[in-house]
Amino acid sequence: MNKTAINYYVDERGYFGDFGGAYIPEMLYPNVEELRQNYLSIINDPAFQQEFRELLKDYVGRETPLFHAKRLSAHYGTTIYLKREDLNHTGAHKVNNTIGQILLAEKLGKKRIIAETGAGQHGVATATVCALRGLECVVYMGEIDIKRQAPNVARMKMLGAKVVPATSGSKTLKDATNEAMRDWINNPVDTHYIIGSVVGPHPYPDMVARFQSVISAEIKKQLKEKTGSELPDYVMACVGGGSNAMGTFYHFLEDESVQLIAAEAAGLGVDSGKSAATTILGQEGVLHGSRSILMQTEDGQVVEPHSISAGLDYPGIGPQHAHLFKTGRGKYVAVTDDEAMQAAHLLTRLEGIIPAIESSHALAYLEKMTFRGDEKLVVCLSGRGDKDLQTYMDYFNL
Ligand SMILES: *Cc1c(COP(=O)(O)O)cnc(C)c1O
């Protein structure tokens, strides 16, 4: 098939090739439909764009640097740039999306924000923008996750959010998602549901990708300034649900000379039963309201994923990633916990940057690549490692 004939973006029906759509309960239809009908006209309005850009600049601290990591480059014998999303306010890329969605919620006249969170990172990014704009914030979180992620729960509370424990099922992310959906069904008029990655029913995957696409827009501009060409040979990112990767890939999708590499979490190993390597282990199916690829049993039960990094501990990927995987436009690779931890250590010692363990999965794949020496690579450093300090302390005996 002629690759240039493939559409990598969303179509009118809300699909990316075979994936996407809106598989939602009837009761949720009015909410999702209101969003679907309005999101593009709101986002594309110049006044919205100006307000979004101003907040990204003055509140988040964009644009984030594109850093030529010279010692890391010398180590691998090629040229590596790091897109420093770790320098954003709140320490990761997630805030790009929550800023966009809170502005959109305001335009829709919503007064109340709900979200669900697993590790708490998206909950913190949501609570942050709710404090910024003075909106009520309710975050659903599995009871077990609340215990595991105490510092993020404290952050959300300090920011004024109400953290509601999900006590059913496995008491983790899946159950928190169900609670958030139930809340939205019961509060269709005044409430907006902020989803934190490129997942969920249409239009969320496309909407979140658009908000995160600022990452690749900046990379192109910065590479052009630094090297004279806006196109690298590779762009690389880690994939949980896939929002930082989608933001990193977005403006390169039709530049077929640029190889897109997405690193998934292999956990203790792809065959260990303790993994989150969705594209290797998964099949097509419906998860969180869209058709995508997910890890499931033969009778369709979602498999509990595992990764040392909470942000990659997700049993699926967004539908646009499923499409990039299936069409071969993106290369999806699996990186183990140990490989990611070693890559985190290497970056810290060579560049003085302690990365999030999520981002370290993308860095770890550098070990498995071979270089001529004249390539240009861009790796998205999705977040900083402060939140992972306890894990690093335990792993490295610090
Ligand atoms: C949440 C998170 C991720 C994973 O989410 P995506 O939607 O796949 O980007 C990756 N890195 C960091 C630092 C995170 O906080």
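Modeller: Contact means that heavy atoms lie within 4.5 Å. This is a predicted model. Under that cut-off, and leaving out residues up to four places away in sequence, Arg62 touches Leu56, Lys57, Lys83, Glu85, Asn88, Asn96, Val214, Ile215 and Glu218.

Colleague: Where in the chain does Arg62 lie?

Modeller: Arg62 belongs to the loop that runs between helix 2 (46-60) and strand 3 (66-68).

Colleague: Is Arg62 buried or exposed?

Modeller: A residue is called buried when its relative accessible area is under 20%. Arg62 has a relative accessible area of 7%, so it is buried.

Colleague: Which side chains make polar contacts with the side chain of Arg62?

Modeller: A polar contact is a pair of N or O atoms within 3.5 Å. The side chains of Arg62 and Glu85 are joined by one of 2.7 Å, and the side chain of Arg62 makes another with that of Thr64, at 3.4 Å.

Colleague: Let us turn to the domains. How does the assignment divide the protein?

Modeller: The domain assignment gives domain 1 (22-55 + 94-208) and domain 2 (61-92 + 213-396). Their centres, taken over C-alpha atoms, are separated by 23 Å. The contact between them takes 23 residues from domain 1 and 26 residues from domain 2.

Colleague: Which atoms of Gly240, Ser243 and Asn244 lie by the ligand's oxygen atoms?

Modeller: For Gly240, a backbone N or O atom lies 2.7 Å from an oxygen atom of the ligand. For Ser243, an N or O atom of the side chain is 2.7 Å from a ligand oxygen. For Asn244, a backbone N or O atom is 2.8 Å from an oxygen of the ligand. Taken alone the ligand exposes 380 Å², of which the protein buries 97%.

Colleague: What does Ala237 touch beyond its neighbours within four places in sequence?

Modeller: Ala237 is in contact with Asn244, Ala245, Thr248, Ile261, Ala262, Ala263, Ala362 and Cys380. Ala237 lies in strand 9 (residues 234-238) and is buried, with a relative accessible area of 1%.

Methods:
Residues numbered from 1 in each chain as written. Predicted model: local features only at pLDDT ≥ 70, side-chain atom pairs only at ≥ 80, totals over all residues. Heavy atoms only, no water. Helix = DSSP H or I, 4+ residues; strand = E, 2+ residues; numbered from the N terminus. Buried < 20%, exposed > 50% of the residue type's maximum accessible area, 1.4 Å probe, protein only. Polar contact = N/O pair within 3.5 Å; in protein donor to acceptor, adjacent residues only side chain to side chain. Areas by Shrake-Rupley, 256 points an atom, 1.4 Å probe, with all protein chains shown as cover. Domains from an automatic or database assignment.
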